[in-house]
Amino acid sequence: MIAKISYGETCQGTLNYVFGKEGMRVLGYGNTFSQSISPKFFGSVLHFQGQRNATKNRYAHISLNLPHSEHLDDGTFFKISEEYMQEMGYGEQPYVVVRHNDTKHEHVHIVSTIVKEDGKVLEIFNSHRRSMATRQHLEKKYRLSKAPTTKQKRQLPIYRLPELQFGMDVEKGTKFYLQDVLNGINQKYKVRSFEELAKLVKPYHIELRTTTSETGRIGVAYGLNNQKGYRTRFINGSAVHRKLSGPKLQKVFDTHSKSKMLPMHRKRLLKQIETTYGLFKTIQPRELENVLKEYQCIDIKWEESQDAIEGYTIYDKSGYVFTERELSPNIRMQNRLDIFGNVNEPTKIDTEGKQFKLEIQKVIKEALTTSYLKSQKQNGLLSEHIMTRNFCNIVPSLMVSNNHNFLEGYFPTNQRKEFRKAVEDAFPMVRERLCELETKKEKEALENKFQLIGDVLKKEIFEVGTKEGSVRLLFQSLGVKYNENKLSFTNSNRHTVPVPLGRLPIPENMEKYVSSGFVRQNHLMLQMLLERSSENSPKLTALAIFLPMIFPKLYEKMNPVYKKQYEMVALAPYIKNAERMHAPFEKSPKDYIALFNAKGFYFVKGENGFEVKSIYTEYETSYPLSQRTSLYLSSIPDLTTTLNKQGPIIQGLVQDGRNNLKNLWAGHLMERGVYDKVTFMLTSEKAYPNLHREMVQHHMDNGLRQSLVQVSERQFSIQQNRRLRKGVYTVSSLLGVGGKKTEEVFNGFKNEMTDWSKYKRKSRGFSF
């Protein structure tokens with residue numbers, strides 16, 4: 001089911017559209033004194049209540065759409081509509097539910113107002129996100145087909161024209177066809193003019209006709225012409241759909257044309273196409289489409305006249321559509337006869353050109369880096385890995401490289417050896433340059449870590465020192481180690497920085513492996529606490545809140561002043577990440593609070609708005625929510641009661657010992673879909689995820705249950721193997737084979753069948 005919601009300043013046009021459709025059925029009214037009122041009377045009630053407030057978004061128009069071939073009776077559809085309005089917070093408002101049958105998919109329209117009887121307005125913050133969550137809730141409850149949660153990138157299907165759609169009125173079929181195609185085009189592309197729209201809909205046999213009034217108002221009409229004897233009259237755009245009228249479309253076109261990103265997209269595309277031209281010596285015109293698609297991921301289509309190519313249109317990934325003339329006259333095929341002029345020559349790469357040499361270098365660099373990142377054990381640094389590689393070592397990475405295969409594909413079969421030789425000859429130089437570059441980066445990174453450690457110790461962020469060797473905890477958290485007055489990376493001794501600390505009481509096995517992601521987050525966090533980060537610095541992620549779990553001994557020694565600052569800084573990225581994760585489940589502001597409560601976070605209302613706190617902090621640190629989110633939570637009718645209900649939930653988590661970051665980490669992994677690690681924590685570490693039961697149920701259905709079953713079966717098999725092995729030891733002991741070890745195993749595995757001691761008195765005369 002797809003739910004669409006929009007707001008407007010007036011309702012008359014919407015009501016005319018909803019009630020004016022032929023064959024429409026009023027399924028029922030909400031919060032009116034009678035179900036027998038007329039549409040005209042309801043329109044008056046809605047109009048007068050909406051006019052009690054000057055807000056521009058007075059009226060709400062909602063449509064609930066079922067996919068093709070799915071059916072609901074009127075009673076069920078009205079019940080779903082009632083529940084939708086209730087969940088969205090509009091349940092106490094007057095509304096009407098009208099069913100239309102003018103399209104192939106069943107749908108209803110709901111018209112209401114956000115203005116209450118007292119003149120105040122309902123808060124519509126996050127209404128589209130809440131609509132998505134409500135829709136998913138109803139899909140599951142009524143077993144409806146699920147709508148896609150992400151925007152799908154696909155080619156528009158060319159539907160059958162109305163004259164072939166049996167059993168449908170031709171005019172209705174035409175409108176349905178026009179709506180489907182035009183809405184799809186406007187969603188997929190950022191159209192900038194009616195001329196561009198006419199070109200985009202031409203393959204679908206749709207024609208456009210525009211008119212301009214004396215006041216400058218632009219009108220548009222649509223018609224069908226399949227050039228095979230079927231042609232319709234032109235239908236005014238507003239009659240097809242109110243969003244497809246001339247003024248509405250012109251407003252959209254102007255927005256796209258004035259976008260600040262438009263010049264950047266033009267510049268990027270021009271550079272990509274010029275780079276492509278620089279790589280090739282000759283290009284067969286008909287092969288340019290494949291070349292640009294494979295090399296630059298650019299989609300183009302030819303502009304032809306009488307089987308002659310006049311140019312091409314570029315369909316950019318940004319949604320904009322350009323012609324090559326619009327980008328630059330220098331890339332027009334007619335102006336680049338040096339590449340496109342010789343039609344007798346196949347498409348050939350310019351092996352002597354600068355771009356070809358650059359591409360070979362890119363391919364080698366990619367292979368060297370990929371072979372390091374994908375190695376099972378990343379022993380040493382990238383620079384060390386590079387210097388130990390020879391050409392044969394990177395051949396497997398080259399074979400799976402799309403860039404390598406693209407270049408090789410435009411060499412004739414009898415010249416493939418020459419291409420490989422060119423790559424092999426360039427390898428030593430590229431390896432040396434890349435090694436120098438990475439060495440420089442690694443030295444700078446180590447020097448940066450050294451300076452960071454000095455600043456951390458100077459500011460006394462952690463109460464660590466050299467007497468007891470606790471400074472090693474700081475070293476470990478930054479991915480470095482100390483030995484013989486030198487600082488180096490944990491996994492390499494290639495680069496060192498002299499640090500005259502003397503002999504420290506540091507155990508040899510202090511270099512415990514820590515994920516590079518957490519080391520990076522800890523580095524960024526310390527930079528932020530020292531105010532060394534800038535706007536261009538990498539941002540903290542949700543992982544920052546788990547640093548005390550990864551480096552427990554270090555964060556236990558954190559200065560309380562900085563600890564409080566850390567807790568507040570780490571809360572921000574986690575809250576933002578959690579809000580994104582909650583979106584499919586958040587039907588209302590109450591759900592917003594409930595989802596965070598289940599994770600161990602709670603909200604308090606202060607003078608300046610809402611603040612969020614957690615059970616994982618020592619100093620009751622809080623993080624202020626944005627003004628918009630505070631207004632969103634303030635829209636809860638019984639806010640005080642809702643906030644008071646947080647207490648028992650939070651206290652229950654603390655009493656159950658679930659105020660441990662491991663429980664939050666298990667929930668975080670579950671949200672990311674890392675079910676194998678979650679299963680390990682559930683079965684081996686007994687860490688139960690702090691997560692709302694609705695989210696847990698979703699992940700159980702999404703693959704967690706299957707992962708748990710697989711692990712339980714595997715553990716059962718291991719237990720069976722252990723019993724079998726002990727059984728073998730028992731038989732060996734009875735036969736007099738083995739020794740003390742076998743006897744110990746046997747004595748530890750006594751049961752009704754193998755505990756022979758109880759039979760000793762009865763079988764004294766019996767011996768084996």
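Predicted model: local features only at pLDDT ≥ 70, side-chain atom pairs only at ≥ 80, totals over all residues.
Helices (H or I, at least four residues) and strands (E, at least two) are DSSP runs, numbered from the N terminus. Two strands pair if DSSP finds at least two bridges between them. A221 has N236 in strand 8 as its bridge partner.

These strands belong to an open sheet of 3 strands, with the order 6-7-8 and antiparallel pairing. Strand 6 (206-212) and strand 8 (235-236) are the edge strands, each pairing on one side only. Helix 6 (residues 194-201) packs on the sheet and touches strand 6 and strand 7. The direction of helix 6 makes about 165 degrees with that of strand 6. Contact means heavy atoms within 4.5 Å. Axes are lines fitted to C-alpha atoms, for helices over the stretch in contact, and angles run from 0 to 180 degrees between N-to-C directions.

## Ground rules and confidence

Residues are numbered from 1 along each chain as its sequence is written, and side-chain values use heavy atoms, with hydrogens and water left out. Local features need pLDDT of at least 70 and side-chain atom pairs count only at pLDDT 80 or more, while totals for chains, interfaces and linings use all residues.

The pLDDT is the predictor's confidence in each residue, from 0 to 100. The chain averages 84, and 86% of the residues score at least 70. Confidence is highest in helix 9 (residues 262-279), at a mean of 95, and lowest in helix 30 (residues 740-747), at 38. Residues 151-160 have pLDDT below 50; beyond near neighbours in sequence, this stretch has 16 contacts in the model. Over residues 730-768 the pLDDT also stays under 50. There the model has 22 contacts beyond four places in sequence.

## The chain as a whole

The chain has 30 helices and 19 strands. Of its 768 residues, 45% count as buried. Buried means under 20% relative accessible area, exposed over 50%, and partly exposed in between (1.4 Å probe, protein chains only). Take the contacts between residues at least 6 apart in sequence: 65% of them join residues at least 24 apart.

## Nonpolar cores

A nonpolar core is a set of buried Ala, Val, Leu, Ile, Met, Phe, Trp, Tyr and Cys residues joined through side-chain atoms within 4.5 Å. The largest has 83 residues. F462, M525, Y555, F601 and F603 touch the most other members. Helix 22 (residues 560-582) gives the most to this core, with 9 residues.

M525 is in contact with L540, A544, L547, Y555, Y566, V569 and A570, leaving aside neighbours within four places in sequence. Another core, of 49 residues, lies apart from the largest one. Among its members are Y320, I339, F340 and Y410.

A hairpin links the two through 2 residues. Y602 stands opposite K613 in strand 18.

Strand 18 (residues 609-614) is mostly covered, with 5 of its 6 residues buried. Strand 18 is also joined to strand 19 (residues 623-624) by 2 bridges, again antiparallel. Here V612 has Y623 in strand 19 as its bridge partner.

## Helix 10

L288, V291, L292, Y295 and Q296 are buried in helix 10 (residues 288-296). Seen down the helix axis, the buried residues fall within an arc of 95 degrees, so they line one face of helix 10. The arc is that of the directions from the helix axis to the C-beta atoms. An α-helix has 3.6 residues a turn, so residues three or four places apart point the same way. C297 follows helix 10, and its phi is positive, near 55 degrees.

## Two single residues

H699 is found in helix 29 (residues 693-734). H699 counts as buried, at 7% relative accessibility. Leaving aside neighbours within four places in sequence, H699 is in contact with M670, E671, Y675, L691 and L704.

V121 is found in the loop between strand 5 (107-113) and helix 4 (127-142). V121 is partly exposed, with a relative accessible area of 29%. Not counting residues up to four places away in sequence, V121 touches N53, T55, I114 and V115. V121 and N53 are 68 residues apart in sequence, yet 7.4 Å apart in space, C-alpha to C-alpha.
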